[in-house]
Amino acid sequence: MFFLLAISFLLIVPYGASQGSYSYCEGDCKTSCQYENVALRGRATQSSVFGNTKYGYVSWPINAIDGNPDADYYHGSCTHTNNDMSPWWRLDLLRNHRISKVIITNRGDCCGERLNGGEILIGSSLANNGNNNPRCAQITNSVVPLTQSFDCDNLVGRYVNIVIPGRQDFLHFCEVAVYGVPTHDDNFCESSVTTQ
Ligand SMILES: [Ca+2]
């Protein structure tokens with residue numbers, strides 16, 4: 001009897017703990033579920049890092065998801081690629097999410113116009129570094145306001161790319177917020193999803 005109880009404990013407890021760790025809802029997920037900035041839990045990479053080994057940390061892709069919207073590049077909280085053809089930045093949310101909106105804070109100390117023509121892509125493919133995924137929005141006026149919100153109409157994907165397709169340029173911005181919910185939580189949340 002003891003042996004059977006021990007086996008049951010080993011099987012049930014880890015499964016239950018894993019299920020609980022997937023919940024991003026506050027309170028009772030069966031009655032409320034809020035989109036929140038899931039970018040803060042993601043990983044980021046990009047086509048190249050401006051400044052290379054000596055000053056590269058000022059340009060790291062993770063600087064765009066550090067929760068700090070400081071728009072002065074020299075304060076060390078922005079991302080910055082080299083002068084690449086079709087430069088790109090990619091956020092990995094580690095699993096599929098239903099994404100309601102993406103908010104981008106551009107670089108503010110100079111050169112904000114470089115983001116014009118940029119595209120926000122959302123999907124689950126890594127083909128062409130994720131740059132073939134469906135488009136949420138195109139950035140047509142990147143300078144004013146400094147922080148802009150783009151409605152992504154609940155596109156589903158694991159990856160969020162920001163790319164300047166077909167142009168050689170530097171890609172830089174200072175913060176990206178992605179509001180979404182893991183698709184895994186749909187059974188709990190889809191009847192009463194709210195946005196914030
Ligand atoms: Ca930042």
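Visitor: Which residues touch the most other members of the largest nonpolar core?
Guide: This is a predicted model. Its largest nonpolar core has 35 residues. E6, E7, E8, E9 and E11 each give two or more residues to this core. The residues that touch the most other members are Leu 91, Val 102, Cys 136, Val 176 and Val 178.

Visitor: Which residues does Cys 136 touch, not counting those up to four places away in sequence?
Guide: Cys 136 is one of the core residues that touch the most other members. Leaving out residues up to four places away in sequence, its list includes Val 102.

Visitor: How many bridges join E6 to E9?
Guide: E6 covers residues 88–106, and E9 covers residues 147–163. The two run antiparallel. Arg 98 stands opposite Val 156 in E9. The number of bridges between E6 and E9 is 13.

Visitor: Which residue in E11 is the bridge partner of Asn 106?
Guide: E11 spans residues 172–182. E6 and E11 pair in the antiparallel sense over 9 bridges. The partner of Asn 106 in E11 is Phe 173.

Visitor: Which residue in E6 stands opposite Ala 44?
Guide: E3 spans residues 43–46. E3 and E6 run antiparallel, joined by 4 bridges. Opposite Ala 44 stands Leu 91.

Visitor: Is Cys 111 buried, exposed or partly exposed?
Guide: Cys 111 sits in the loop between E6 and E7. Its phi is positive, about 65°, although it is not a glycine. A buried residue needs 20 or more other C-beta atoms within 10 Å, and an exposed one has 12 or fewer. Cys 111 has 16, so it is partly exposed.

Visitor: What is the omega of the cis peptide bond between Val 144 and Pro 145?
Guide: Pro 145 is found in the loop between E8 and E9. A cis peptide bond joins Val 144 to Pro 145. Its omega is about -10°.

Visitor: Over which residues is the pLDDT below 50?
Guide: The chain averages a pLDDT of 84, and 77% of the residues score at least 70. One stretch below 50, residues 1–32, has 24 contacts beyond near neighbours in sequence. Where pLDDT is low, the predicted coordinates should not be read in detail. The stretches below 50 include residues 1–32 and residues 190–195.

How values were computed:
Residues are numbered from 1 along each chain as its sequence is written. This is a predicted model: local features need pLDDT of at least 70, side-chain atom pairs count only at pLDDT 80 or more; totals for chains, interfaces and linings use all residues. pLDDT is the predictor's confidence in each residue, from 0 to 100. Two residues are in contact if their C-beta atoms, placed from the backbone, lie within 7 Å. Two strands pair if DSSP finds at least two bridges between them. A nonpolar core is a set of buried Ala, Val, Leu, Ile, Met, Phe, Trp, Tyr and Cys residues joined through C-beta atoms within 7 Å.
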